[in-house]
Structures are given as C-alpha cells and as structure tokens.
Amino acid sequence: MSETASISLNGKSYELPVITGTENEQGIDISKLRDVSGAITVDPGYKNTGATKSAITFLDGEVGILRYRGYPIEQLAEQSTFLEVAYLLIYGELPSSETLLDFRKKISRHTLIHEDMKKFFDGFPSKSHPMGQLSCLVGALSAFYPESLNPNPSEEEENLTIIKLLAKMPTIVSWIYKKSLGHPVIYPRNELNYVHNFLNMTFGQITEDISIDKSIVSAMHKLLILHADHEQNCSTSTVRIVGSSNANLYASISAGISALWGPLHGGANQAVIEMLENIKNDGGNSAKWLAKAKDKNDPFRLMGFGHRVYKNFDPRAKIIKEACDEVLEKLGINDPVLNIAKELEEAALKDQYFVDRKLYPNVDFYSGIIYRALGFPTDMFTVLFALGRLPGWIAQWKEMKANKEPIGRPRQIYTGSTTRDYVPLDQR
C-alpha cells in the first residue's frame, strides 16, 4: 500500500499521497488539497515546495552530490566536453561518437546570427550592462525565427529551434564583449570546437590569428559543464513557469537570463572579485578581513565561501580549483587581487572557525578568479554563467513541454483591506 501523509484542518482529516523519487527523496502531493479542503499551503520562496518531477539533475546538498542524468559531475567534468554534456541534459543520454559528430555539425551550420542584429548593438547605450543586452538579444531571436512561436511544433521543428539557440548563444556573448571594447566582431570559425570557437570570437583579433592554450580551453569546458544545470533554482524555475504558458523557447530562456541577472542568484562570482578588490584597496591585509568575517557583530561576509544548498562541500569547487591552479600557472599572472584570493583560500582551509562551519571555497570563488585571469570584466561573469546554464534551461523547458505540465499559477493568502465602498474624488 502506498504511503500517505495526514493533515487535520477544522476537525477534518485529509490523506495525501507521498511521492518517492528514484533517489528516495519524498514529497507530499498536495495537488488536490484545495479541492478537498478549501485550503492551500504557504511556502514563501518555495523552499519546501516541489513544483515538478524531473529526471534531469539530482542534487543532495547534505552530502555534496551533483549528478546530471545519473552521471556524477566529477566524471563529466574530467572526461566529457561541454557539447557532450549539453546533449546528455537535453536528450537524456550520452551521445555516441556518430551522434555527437552530427550534433556538432548541426550546431556549426547555425553559428552565424542575422546581420540585422548588429543594429541592436548600435542602439544600446555604451555603458549598457551585458546581461541586459543578452536578455534582449536572445528574446529577439523569436522575431528572426517566427516558426519558433508555434506552440505545437513537430519534434524536428523543436530540435531545430534548440540547435539554433545553442549555436548562436556563443556568438551573441562574444559580440557583447567585443562591442564593449569598441572592437570589430569576430565571426565564427566552424572548424573549431564549440568552446574553442567561443574563446576565439571573444579574444581573437580581426588583424591576426591567435593561439589559445589548450589548458584555457579545458578550463572553460569545465566551467561551462559545472554550471550547466543545478536543479530547480530561481532562473530554471523561471524558464519552466514562463514556458508553461506556451511561450517560445527564446522568450523562456530570455526570462531565465533576467532571473539569473539578480545579484542573489547569478552574481556571486562577481561579488567575489569585488570583495577582493575592496580588500586590496584597504591595504591587502587578508588576516584583517578573515577576522571581520568571524566577528558576528561585523556585517562583512566572506563571498565565495560556503553554499546555501551544499551543507558539506560544493562538489564543483574541488574540480574547478585544479583548473584554476593550472590556468594561473600557465598564464603566469602577477595580480594583487588574485594573490589575495590565494591567501584567503589557504587561510580559510586551515582556520578552525571555517573548517568547523564547513565554509569551504565554492565554485563561485574559483570561477571568478579564472574569469578575471582570462581578462573578462566582472560584469561579463553572469553572462558566462548564462552561457554554461543554457543546456540545462533548454532541457528543463523541453521536459516541461514533454510532460504537458499545466500553466504555472501560484496561489496566495490575501492580507489586504476587506470590502469597502468607493469614495468620490471630491470627498477624499
């Protein structure tokens, strides 16, 4: 007999089914609660509410587990490429060599963006934030590809929309960066792999060919893989709820980008660098700032340490730390801010205060360091986060459509005025 949970309300008892996932996670199904009792649950921020059942990502923050479609993140980051992981997330299985080659070829055919999109860049103010540009440009793709507006596409049509978005996102991101410098844009080179092509468009020059070290390409693969999906977070839930209205993929992803823009969500690695800059400007005394972080009466927070979901350690941090060390060694950069970062990392890993509270450096700490070392300005960090998260957002949107999930429509408890009569303007 299936397990149930009971709730008592106004002298009546209601039996609610319990759903158990493949990793033995349990949830109480309250989908019929309002119908049978007239009551709803209240859960600000949806911290205890499962809005969907999903087969994409498993996350257990208590013990530091992250798996995509059952595959440990450690194995994927070490052995896979970003496009392989993208295929896995979107279509459910790792591709064969033939399938992956076909996937790459399809993407390479759609890396160019319409020349008319250059006019958007001309219209943006010179100081426009890159995330505002990205949200606008991705949403605008639906105007260039109106076939994506069909709410009931064939499988082939849906896949073409997915391919186009995967293909054009690196081009858009690199052009945003180039335009911020006032440089001419670099067009895609389809003989390069997905990540190498992106780096070439970003750091290449129209006047000469450049060589990008394979360790930097490898580190970027890892960064994008580690950010590719993270279960039902703010931006992912936004993509799903916007998509539930039958909004097209481009509009749904644009909404997710806007949600990611919020500093409480996607801006953590930018906050790390800003913190390190503040410490440098204060004289670079990392011990002083570690003491401030331990002082409960001091509002200072050590950014990039600990994680709201991971109560033990962030499994992604161990992976990216190795890539971070390799990139810094390869580039040989002498940057006071990065030196402070290393001092903070070493001190926090040894300090009993941080050890006892499991405040280890997280993925945002190391990703911010890598992006700075590569030369990205801090306001591009969240754009790079969005580039990595794109396959996860697409997978979540695709799963929501395949499951025919109903339009998202949260309830509320009204706390405003009760009925009152309108007062004419001259009597107020």
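**Exercise 1.** Find the bridge partner of Ile-7 in E2, and describe how strand E1 pairs with strand E2.

*Solution.* In E2, Ile-7 has Tyr-14 as its bridge partner. Strands here are DSSP runs of E with at least two residues, and helices are runs of H or I with at least four, each numbered from the N terminus. E1 (residues 4-9) and E2 (residues 12-20) run antiparallel and are joined by six bridges, where pairing requires that DSSP finds at least two bridges between the strands. The hairpin of E1 and E2 has two residues between the strands, and Asn-10 takes a positive phi near 55° there. The model is predicted, so that local features need pLDDT of at least 70 and side-chain atom pairs count only at pLDDT 80 or more, whereas totals for chains, interfaces and linings use all residues. Residues are numbered from 1 along each chain as its sequence is written, and side-chain values use heavy atoms, with hydrogens and water left out.

**Exercise 2.** Determine how E2 continues to strand E3.

*Solution.* E2 pairs with E3 (residues 26-28) in the antiparallel sense over three bridges, and Val-18 stands opposite Ile-28 of E3. Five residues lie between E2 and E3 in their hairpin, where Asn-24 in the turn has a positive phi of about 65°.

**Exercise 3.** Characterise the packing of helix H14 against helix H17.

*Solution.* H14 (residues 315-331) and H17 (residues 363-374) pack at an angle of about 20°, with their axes 9 Å apart. The two helices are therefore roughly parallel to each other, a term for angles under 35 degrees.

Definitions and conventions:
Axes are lines fitted to C-alpha atoms, for helices over the stretch in contact, and angles run from 0 to 180 degrees between N-to-C directions. Angles under 35 degrees count as roughly parallel, over 145 as roughly antiparallel, 65 to 115 as roughly perpendicular and the rest as oblique.
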